[in-house]
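Dear colleague,

I am handing over the structure below, and after it I set out what was found. Please have it open while you read.

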Amino acid sequence: MRCRTSDLGGHVDACTDCGTIRISYNSCRNRHCPKCQGKNREKWLADREAELLPVPYFHVVFTLPDTLNPLAMYQPKAVYDSLFEAAWQTVACFAK
C-alpha cells in the first residue's frame, strides 16, 4: 500500500534541456507487489511456460522433517543426496 508513495521517499527527475521536473516515488521492490514486480513476474511466468513440453505435468514435493535442519546445515551434500535418492526411488516405484 505504501509502494510508490512519499512514505518510501522519492527523487526529482529534471530534464536539463526543457526544464521539465517530475517527482518519482520509490518502490518497495517486493517481489509480490503488483506495482513494481508484477510485470517482471508475468514475464518470468511466460518464459517458464514457454519451456514446458506439451504433456501433462505432476507437481510432487518431498520434504524433510524439521528435526533434520541442523544436519542439513552441517552436511548438506549428504542430506540432499539422500533426499534426492529417496525421492527418485519413490517416483520410480509409483511410475511402475
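**Salt bridges and their surroundings**

Arg22 counts as exposed because its relative accessibility is 53%, a value over the 50% cut-off for that class. Please keep in mind that this is a predicted model.

The side chain of Arg22 meets that of Asp13 in a salt bridge, with 3.6 Å from N to O, and Asp13, at a relative accessible area of 27%, is partly exposed.

Helix α1 covers residues 38-51 and holds both Asp47 and Lys43, which are four residues apart, or about one turn of the helix. These two residues, Asp47 and Lys43, form a salt bridge in which the closest N and O atoms are 2.8 Å apart. Lys43 is exposed, with a relative accessible area of 53%, whereas Asp47 is partly exposed at 30% relative accessibility.

Glu51 and Arg48 form another salt bridge, their closest N and O atoms being 3.0 Å apart. Because Glu51 and Arg48 are three residues apart in helix α1, about one helical turn separates them. Glu51 counts as exposed at 52% relative accessibility, while Arg48, at 29%, counts as partly exposed.

As for annotation, the unreviewed UniProt entry gives "domain: Transposase zinc-binding" for residues 1-64. In the model, that span is 22% helix and 16% strand, and its end C-alpha atoms lie 36 Å apart.

With kind regards

Technical notes. Residues numbered from 1 in each chain as written. Predicted model: local features only at pLDDT ≥ 70, side-chain atom pairs only at ≥ 80, totals over all residues. Heavy atoms only, no water. UniProt positions renumbered as here; feature names shortened; annotations may be inferred. Helix = DSSP H or I, 4+ residues; strand = E, 2+ residues; numbered from the N terminus. Salt bridge = Lys/Arg side-chain N within 4 Å of Asp/Glu carboxyl O. Buried < 20%, exposed > 50% of the residue type's maximum accessible area, 1.4 Å probe, protein only.
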